[in-house]
Every structure is written in C-alpha cells, then in structure tokens.
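Me: I have a model open and some quick questions about it. Can we walk through it?

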Amino acid sequence: MNKPRIPGPDPNTRTPKFKLPPLACDAHTHIFGPGDKYPYAPGRPYTPPDASLEDFRALHRKLGIGRAVIVNASVHGTDNRVALDAIAVSNGTFRAVANIDDTITERGLCELHDGGFRGCRFNFVRHLGGVPDIAAFHRIVAMVAPLGWHIDLHFDAIDLPEYAEMLAKLPVRYTIDHMGRVKASDGLDQLPFRTLIDLMKRDEKCWVKVCGCERVSSGGPPFHDAVPFARRIVETAPDRVIWGTDWPHPNVKVMPNDGDLVDLIPLFAPEPELQQKILVDNPARLFEF
C-alpha cells in the first residue's frame, strides 16, 4: 500500500536575528533515513523525504544550536538505529527519545540507555494511528522507570482532558509535545489548554515542549498567535519547559522556516534567565547532558 508522501523542510533556512545562548538545545527534532541505510517501517503512517544527519547538522550550525534531542519518529517504527548512530558521532552533544514496544528486553533497553537515550515516545494522535494499547503503555512505563527515563507524549488537544488524571498518576516524568497541539483560535481559556496549565501547576512530573508554533497557530506565518500560549506555559513552570524546532516538520499545514521559529523565542521568553533555563539548563537536566 502506498503511504502518503509529505513535503520536506524549507531548504533556505534564514539566519535568526536572535542569538541563542551557548549549548542551546533543540529538544525536539528528527532524522529521517536516508531510507537506503535506515529503511522506513512498512506500517508507517507516511513517507518523508530523507532528512539526513548532514542536513540536521547544517541546520543547527546555521541556527547556532549546540545540543539536540532526536525524537525517533513513527516512520522508523521501533528501529532506533538512526538516532543511536547519530549520538555515537556527536561527541556527547546529542541525546534521543526512543520508539519501543513491550517486546523490548531489559538488555535492549540498557543498550539504548548506554547509547544516549533518555526517554520513549507514545503517540495518541489520531491521524498517526491513534491510542496505544493502554496495558502495553503501562508495562513499558514500568520497564523504563528504573532507568530514570521520562515518557514523551503526543496528543490531540481535544483528548488532553480525558487523559489528565492518568498522567498525574504516572510514576515517571513526562513531556507533552507541541504545547498539547492546542488551537490558537480557540483562545487561552479553552478546556484543553486550561487542562495543560493545571497539570503543570499541580504535577511536578509534567514538562511541556514549547515547539510546534506552526501547529498551534491559526493565522499562519510568522505564527505570532501561538506566542501567548508559549508565554503562559513558560510563566507557569519555567523549570519544566524545553524548546525544539520539530525539524523537518512532518505533516504540517504550513511549512515554517526554522530561522523564523528561533526568532519567536524572545517573544515568549524575553528574559535572559528564562532563555537560559528553557534552552540550556532544563534540557541538560532532563536528558543528562
């Protein structure tokens, strides 16, 4: 069966006006393929163009990024080699988040941990296959907890209220991708966003990624309507917020330019001390750089 092909990133990355601090971390990014070396999974929801380690490094040089976290995307299934191999040549500047299922062995987990993985991801988003098996989800959480891993959660905003209690009871830290994928046009008072902020306030294990402004925005580039949401998140728990580009931006309605995304940072975090936390200190703590 042919999988839908998605477009690649904007190749003409603009140099941002905002200068990132030393060791700034892109804490949510992907490497895809190349497919002839790292085959795409037969059951993948889409087929991306290759977005190689070389392209990834060139992007980060242009933006001034010193560290990165590779989130192994669903297109590679549970094959985590693309991220393992990238970490191995990164001189300690890369970490990763794995895609695993409950067939993984303790030895397999230890190999990933030794290779620089510090979390695993679960997709609850409908267009990417929907809810994981909840029993398997809890089994995997129990397996990774002794390693000190966190779990990375990708939700549709509409589903956040349904899962809030389950999240608060988890025995591990968890990150919520893309500001919960809330819709900017629904306003700061919408139930999914109130749920997210409430979780951040009452659960010390809850971290949020202020990335995906292009997914949250209802107005399109330069995505300024997403800034108030990012600002509220940063103000709520500044020690538990991290930032990422989400390069190469799979399945977006409007392809952003990564230079523009960097220039949103001083709009939602104008204070240098908050920039240092979000971009350097918080990811260093969560991913053990």
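The chat below covers the sheet, the backbone, the cysteines and the cavities.

Me: What kind of model is this, and how are residues numbered?
Reply: It is a predicted model, with residues numbered from 1 along each chain as its sequence is written; local features need pLDDT of at least 70, side-chain atom pairs count only at pLDDT 80 or more, and totals for chains, interfaces and linings use all residues. Side-chain values use heavy atoms, with hydrogens and water left out.

Me: Sheet first. How many strands, and in what order?
Reply: Eight strands make an open sheet, ordered β1-β2-β3-β4-β5-β6-β7-β8, with parallel pairing. Strands are DSSP runs of E, at least two residues; helices are runs of H or I, at least four; both are numbered from the N terminus. Two strands pair if DSSP finds at least two bridges between them.

Me: Which strands are at the edges?
Reply: β1 (25-29) and β8 (241-243). Each of them pairs on one side only.

Me: What about the angle between neighbouring strands?
Reply: On average they are turned by 25° against each other, direction ignored. The axes are lines fitted to C-alpha atoms, and angles run from 0 to 180 degrees between N-to-C directions.

Me: How many bridges join β5 to β6?
Reply: Three bridges join β5 (residues 150-154) to β6 (residues 174-176), and the two run parallel. Isoleucine 151 stands opposite tyrosine 174 in β6.

Me: Backbone next. Where are there cis peptide bonds?
Reply: One joins glycine 33 and proline 34, with omega about 5°. Proline 34 sits in the loop between β1 and α1 (53-63). Another runs from proline 221 to proline 222, with omega near 0°. Proline 222 is in the loop between α7 (213-216) and α8 (227-236).

Me: Which residues other than glycine have a positive phi?
Reply: Arginine 181 is one of them, with phi near 55°. Its place is the loop between β6 and α6 (191-202). Aspartate 246 is also one, with phi near 70°. That residue lies in the loop between β8 and α9 (258-262).

Me: Is aspartate 246 buried or exposed?
Reply: Aspartate 246 is buried, at 1% relative accessibility. Buried means under 20% relative accessible area, exposed over 50%, and partly exposed in between (1.4 Å probe, protein chains only).

Me: Switching to cysteines. How many disulfides?
Reply: Zero, from a search of the whole structure. A disulfide here is a pair of cysteine sulfur atoms within 2.5 Å. For cysteine 120, the nearest cysteine sulfur is that of cysteine 110, 14 Å away. Cysteine 120 is buried, with a relative accessible area of 0%.

Me: Last topic. How many cavities?
Reply: Three, of 30 Å³ or more. A cavity is a set of points on a 1 Å grid over the protein atoms alone, where a 1.4 Å probe fits but cannot get out; lining residues have an atom within 4 Å of a point. Grid points are joined across faces, edges and corners, and a volume is the space filled by probe spheres set on the points.

Me: What is in the largest one's lining?
Reply: The largest cavity holds about 110 Å³ of space. Of its 15 lining residues, Tyr46, Arg121, Leu128, His154 and Pro250 are the closest to its centre.

Note on methods:
On a 1 Å grid over the protein atoms alone, a cavity is a set of points where a 1.4 Å probe fits but cannot get out, and a pocket is an open set with protein on both sides within 12 Å along at least five of seven lines; lining residues have an atom within 4 Å of a point.
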